[in-house]
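Me: I've got a structure open and would like to talk through its aromatic side chains and a few other spots. Could you take my questions one at a time?

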Amino acid sequence: MGYRYIRSMRLLFVLSMERGCGRWCGMESTTCMRLFMDPQENSGGRANAALLDIDFGTYPFVTSSNCTVGGACTGLGIPPLNIGEVYGVSKAYTTRVGIGAFPTEQLNATGELLQTRGHEVGVTTGRKRRCGWLDLVILRYAHMINGFTAIALTKLDILDVLDEIKVGVAYKINGKRIPHFPANMELLHKVEVEYETFPGWKSDTSAARKWNDLPQKAQNYIRFVENHIGVPIKWVGVGKSRECMIQMF
């Protein structure tokens, strides 16, 4: 996927609660100068998810650096005005490796199914990832910090066999909605998740190569996510290969 920009570079950020698959491109001793002299085809990404950010993540269950968009400026030495497109990357469900609050975690057959079908194993540690429903409270929070211009929603095909699919849309404490993502981790452990439930599409999406190939119920799920967070979904992933990434626009 090639992207041009006038005065910017594109950035990719993983949104789930665990380590992602991105990495910085072109990391050399002359990175800053290369980006300054020839910015047209440069891109950056982060190997850790937004909620592992040392300042804005689920402290103390974080990494030692800034995984959010500001890390591009401090890590690559580029000015904020040179950042153009910011693409968020999220699975169609949520995962996490290790301990820490995980409001939508499913400690049941659904969680096991997501872990098994999604081959959810930590790349570095080899530990099984904890799995749960997509959490739109987290996605909205990540968008607030990073300012996404578009999102790639991956691994939609993992949900193909489910009879129903839930999406976390809000947090409650003592039966009352809270208006934002809690900064207090003790509070995050106590939240009750409010879900929106969708009927499963119960069909194989892995052969889909364009939007109209997806079942209507899958399209409804994607549009709900898009509308709820207020960011266009530009790509939908339905498999491992490059060809399995449906580009929406």
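Predicted model: local features only at pLDDT ≥ 70, side-chain atom pairs only at ≥ 80, totals over all residues.

Me: How are the ring planes of Tyr-171 and Phe-181 arranged: stacked, edge-to-face or tilted?

Reply: Their ring centres sit 6.3 Å apart, and the planes make an angle of 45 degrees. Stacked needs under 30 degrees and edge-to-face over 60. At 45 degrees, then, the pair counts as tilted.

Me: How many residues apart in sequence are the parts that this pair ties together?

Reply: Tyr-171 belongs to strand 8 (residues 164–173). Phe-181 is in the loop between strand 9 (176–178) and helix 5 (185–190). So the pair ties together parts whose separation in sequence is 10 residues.

Me: And what about Phe-198 and Tyr-221: is that pair stacked or edge-to-face?

Reply: Here the ring centres are 5.9 Å apart, with the planes at 85 degrees. The cut-off for edge-to-face is over 60 degrees, so with 85 degrees this pair is edge-to-face.

Me: Which helix does Tyr-221 lie in, and are Phe-198 and Tyr-221 buried or exposed?

Reply: Phe-198 is in strand 10 (residues 192–199), 23 residues away from Tyr-221, so to speak a link between distant parts of the chain. Tyr-221 itself lies in helix 6 (residues 216–229). As for cover, Phe-198 and Tyr-221 are both buried.

Me: Which residues do ring pairs link into a cluster?

Reply: The structure holds six aromatic pairs. Ring pairs join Phe-198 and Tyr-221 with two further residues into a cluster.

Me: Which ring does Arg-223 lie over?

Reply: Two charged side chains are worth a look here. Lys-166 lies over the face of Tyr-195, 5.7 Å from the ring centre. Arg-223 also lies over a ring face, at 4.4 Å from the centre, and that ring belongs to Trp-211.

Me: UniProt lists Arg-127 for "binding site". Is Arg-127 buried, partly exposed or exposed?

Reply: The UniProt entry is unreviewed, and it lists Asn-48 and Thr-63 along with Arg-127. Arg-127 is found in the loop between helix 3 (109–117) and strand 5 (130–132). Buried would need under 20% and exposed over 50%. With a relative accessibility of 42%, Arg-127 counts as partly exposed.

Me: What does Arg-127 touch, leaving out residues up to four places away in sequence?

Reply: Touching here means heavy atoms within 4.5 Å. With those sequence neighbours not counted, Arg-127 touches Val-97, Gly-98, Glu-120, Val-121 and Gly-122.

Definitions and conventions: Residues numbered from 1 in each chain as written. Heavy atoms only, no water. Phe/Tyr/Trp six-rings, centres within 6.5 Å; stacked < 30°, edge-to-face > 60°. Helix = DSSP H or I, 4+ residues; strand = E, 2+ residues; numbered from the N terminus. Buried < 20%, exposed > 50% of the residue type's maximum accessible area, 1.4 Å probe, protein only. Lys NZ or Arg CZ within 6 Å of the ring centre and 35° of its normal. UniProt positions renumbered as here; feature names shortened; annotations may be inferred.
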